[in-house]
Amino acid sequence: MALNPDYIEIGSDIIGAAFEVRNTVGCGMREEYYQAALKWELEQRGYNVEMETPVPVTYKGNKVNSDYKADLVVDGRVIIEVKALGEIVEKQGRQIVTYLRLTNFRLGYLINFGVKDFGMGKLSDTIPYRKGIYRIVNGI
């Protein structure tokens, strides 16, 4: 499923902001630091960014209490999960997929600032995920 040009632009800005944070700071900081830095970079690009946004969970139409929280939500339509690990295991990689499904958002990013190879990866790559940036499109 193709994304419309608005999603392509916001995605490009998210990737650019992630590279700016990583190139400025490097790896080795805590996850919370990267979240705040990425939030700041995206706000400088004109986006509204919310941190630790609750993800609604329902069961058969009823709201279920949940502690799911998206690290960053950009313009109320893109979820970003931020990690600061040497590598990501499958459970952590699937978290963003779950959040997209629960919110019906079309686009999400899993960004791991802790990896040595900070570049674009594919979720179909061999687990553990060793790249830094993964784009996930929800087919809804």
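Gln 35 is buried, with a relative accessible area of 3%. The residue lies in helix H2, and the model in which these values were computed is a predicted one.

**Gln 35**

- Leaving aside residues up to four places away in sequence, Gln 35 touches Met 51, Glu 52, Asp 71, Leu 72 and Val 82.
- Its 3% relative accessible area falls under the 20% limit, so Gln 35 counts as buried.

**Packing of H1 and H2**

- Two packed helices are described by the angle between their axes and the distance between the axes.
- Helix H1 spans residues 5-25 and helix H2 spans residues 31-44. Their axes come within 9 Å and cross at roughly 125 degrees.
- The crossing in which H1 passes H2 is right-handed.
- On the H1 side, the contact is made by Asp 13, Ile 14, Ala 17, Ala 18, Glu 20, Val 21 and Val 25. On the H2 side, Tyr 33, Tyr 34, Ala 37, Leu 38, Glu 41 and Leu 42 take part.
- Sorted by class, this contact of H1 with H2 has ten nonpolar and three charged residues, with no polar ones.

**Salt bridges**

- Side chains of opposite charge can pair when their charged atoms come close.
- With a limit of 4 Å between side-chain nitrogen and carboxyl oxygen, the count comes to three salt bridges.
- Lys 39 pairs with Glu 43, and their closest N and O atoms are 2.4 Å apart. The two residues are four apart in helix H2, which means that about one helical turn separates Lys 39 from Glu 43. Glu 43 counts as partly exposed, at 32% relative accessibility.
- Glu 41 and Arg 45 form a salt bridge through their side chains, at 2.8 Å from N to O. Glu 41 is buried, with a relative accessible area of 15%, whereas Arg 45 is partly exposed at 33%. Glu 41 is also one of the H2 residues in the contact with H1.
- Glu 32 meets Arg 30 in a salt bridge, at 3.4 Å from N to O. Glu 32 counts as partly exposed at 45% relative accessibility, and Arg 30 counts as exposed at 62%.

Technical notes. Residues numbered from 1 in each chain as written. Predicted model: local features only at pLDDT ≥ 70, side-chain atom pairs only at ≥ 80, totals over all residues. Heavy atoms only, no water. Axes fitted to C-alpha atoms, helices over the stretch in contact; angles between N-to-C directions. Left-handed = near helix turned anticlockwise from the far one by under 90°. Contact = heavy atoms within 4.5 Å. Nonpolar A, V, L, I, M, F, W, Y, C, P; charged D, E, K, R; others polar. Buried < 20%, exposed > 50% of the residue type's maximum accessible area, 1.4 Å probe, protein only.
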